[in-house]
Structure formats: C-alpha cells, structure tokens
Amino acid sequence: MENLMELLEGRRTYRRFEQKEIAQDIIDEILTAARLASSAANRQPLSYIVIKGADKAAEVFSHTKWAGALPPELGQPKEKERPVLYIAVVKNLDRNPDCDTDAGLAIGNMTLAAWNRGVGSCIIGACNKPALSELFGLTPQQALHTVVAFGYPAHVSHIVDLEDPEEFKYYLDEKKDYCVPKRKLSDVVRYL
C-alpha cells in the first residue's frame, strides 16, 4: 500500500513536458487502465481517441486553455513544453448519456497508469469542445467529455498544506514548479 500512496501523491497535474515520444506499450497500458475502470450498470459508454504526432497534437493544443489560476504567460506551456500525446474521452450518448462518474473513474485510472510509468498528465475540461468534436469526427450520438494531455514532466508538482481556506489556488514557486495546496485530512473528514 505504501507504493500506491506514493503513486497517488506524485500523480499531480503537469503542464510542461519534455518533447519525448511516449512508447506505444505505455499508451496501450494507459488505454487498458481506462477500459478496466468500473462502469455504472457495466454499460461502458466511453470510447477514446488517441492524438499523437506533432502536427495533430499542435492542432488539439490550439483549442485548449491551461492553468486557469495563473496568468497565461506563466500557465500556458511554451512551444517546446507542450504535450506529445492527447487522449480524448468520448461519451457515447446512446449507451448512457449520464456517465460523468464513469469518465472520472476512467480518467483516474489512465492518469495513474501513466504516472506509474513516469508519464505526467493534465486533465483538460477548458477546451473548445465544438471545434475538437469536429476535429475528432464525433457523431451526433457522441459528446466530448474531456481531453487528457500526456508527456514526461519538465517540472515538479507537489502538495503543500492549505493554511488559509481562502487561498486554495495552486501557484509556482521560485523554481517555477507547481505547488498545490490541499486541505488537511482533519479539515475534510468527520466521523460519526
């Protein structure tokens, strides 16, 4: 269990990446992890679109917004820091239109499987979904849930204790590494 807890603590959001390709066996593990996620009534309403290659990844990037808590010049990855891989999570509405929990479980599995192999991720909901849906060729029975960016991190991201409940936004330290304030366990748990 200690290794799992270390994995969970290290699996943070990463927003700057090395320009190093992710091996196909790692991509397959990430997708298998998504496929293995629990699904309500086992309806399995999700499908996935893999976007890799510099040109296709750049096109997806142009429709995304990054690090909403930071000014764009600090939060937006620069050209040589952008993800090398995206996986789009698609809801198949005819199978189950209300599948946000399924998507969350699948995304959690994907990002943990990636981090287990040293690949960081950023879950992107702030994107131009109509433009990306057209780019991905989605049908009227499909809806884009989320795009997840992947790559080998070019920075550190770590948890710090949240001291002031009004100052919950993440920030960059002097090394431009991400500090993510988290509420203490005693602040989020109550026993009856």
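## Strand S2 and its partner S4

Tyr86 has Ala149 of S4 as its bridge partner. That pair belongs to the contact between strand S2 (residues 85-92) and strand S4 (residues 142-151). Eight bridges join the two strands, which run antiparallel. Strands are DSSP runs of type E with at least two residues, helices are DSSP runs of type H or I with at least four residues, and both are numbered from the N terminus. Two strands pair if DSSP finds at least two bridges between them.

This is a predicted model: local features need pLDDT of at least 70, side-chain atom pairs count only at pLDDT 80 or more, and totals for chains, interfaces and linings use all residues. Residues are numbered from 1 along each chain as its sequence is written, and side-chain values use heavy atoms, with hydrogens and water left out.

## The four-stranded sheet

S2 and S4 are part of an open sheet of four strands. The order is S1-S2-S4-S3, and the pairing is antiparallel. Strand S1 (46-52) and strand S3 (120-124) stand at the edges. Each has a single partner strand, so one side of each is left without a neighbour in the sheet. Neighbouring strands are turned by 25° against each other on average, direction ignored. Axes here are lines fitted to C-alpha atoms, for helices over the stretch in contact, and angles run from 0 to 180 degrees between N-to-C directions.

## Helix H3 on the sheet

Helix H3 (residues 54-61) packs on the sheet and touches S1, S2 and S4. Contact means heavy atoms within 4.5 Å. The direction of H3 makes about 115° with that of S1.

In H3, Ala57, Val60 and Phe61 are buried. Seen down the axis of H3, its buried residues fall within an arc of 100°, so they line one face of the helix. The arc is that of the directions from the helix axis to the C-beta atoms. Asp55 and Lys56, on the other side of H3, are exposed. Buried means under 20% relative accessible area, exposed over 50%, and partly exposed in between (1.4 Å probe, protein chains only). The cover over the buried residues of H3 includes S1, S2, H6 and S4.

## Helix H6 across the strands

Helix H6 (residues 129-136) lies across S1, S2 and S4. H6 runs at about 90° to S4. Its buried residues are Leu132, Ser133 and Phe136. They cover an arc of only 105° around the axis, which puts them on the same side of H6. Pro130 and Glu134 are exposed on the other side. S1, H3, S2 and S4 are among the elements that cover the buried residues of H6.

Both ends of H6 have a local feature. Asn128 caps the N-terminal end: a side-chain oxygen lies 3.0 Å from the backbone nitrogen of Ala131. Such a polar contact is a pair of N or O atoms within 3.5 Å; within protein, one must be able to donate a hydrogen and the other to accept it, and residues adjacent in sequence count only if both atoms are side-chain atoms. Just after H6, Gly137 takes a positive phi of about 70°.

Strand S7 (residues 178-182) is mostly covered, with four of its five residues buried. Five bridges join strand S5 (residues 157-161) to S7, and these strands run parallel. His158 has Cys179 of S7 as its bridge partner.

Strand S6 (residues 171-172) is joined to S7 by two bridges, and this pair runs antiparallel. Leu172 stands opposite Tyr178 in S7. The hairpin of S6 and S7 has five residues between the strands. In that hairpin, Lys176 takes a positive phi near 70°.

## Cysteines

A search of the whole structure finds zero disulfides. A disulfide is a pair of cysteine sulfur atoms within 2.5 Å. For Cys99, the nearest cysteine sulfur is that of Cys127, 15 Å away. Cys99 is buried, with a relative accessible area of 1%. Cys122 is also in no disulfide; its nearest cysteine sulfur, that of Cys127, is 11 Å away. Cys122 counts as buried at 5% relative accessibility.

## Ala103 in helix H5

Ala103 sits in helix H5 (residues 100-116). At 0% relative accessibility, Ala103 counts as buried. Ala103 touches Leu46, Val89 and His145, not counting residues up to four places away in sequence. Tyr152 is 49 residues from Ala103 along the chain, and their C-alpha atoms are separated by 23 Å.
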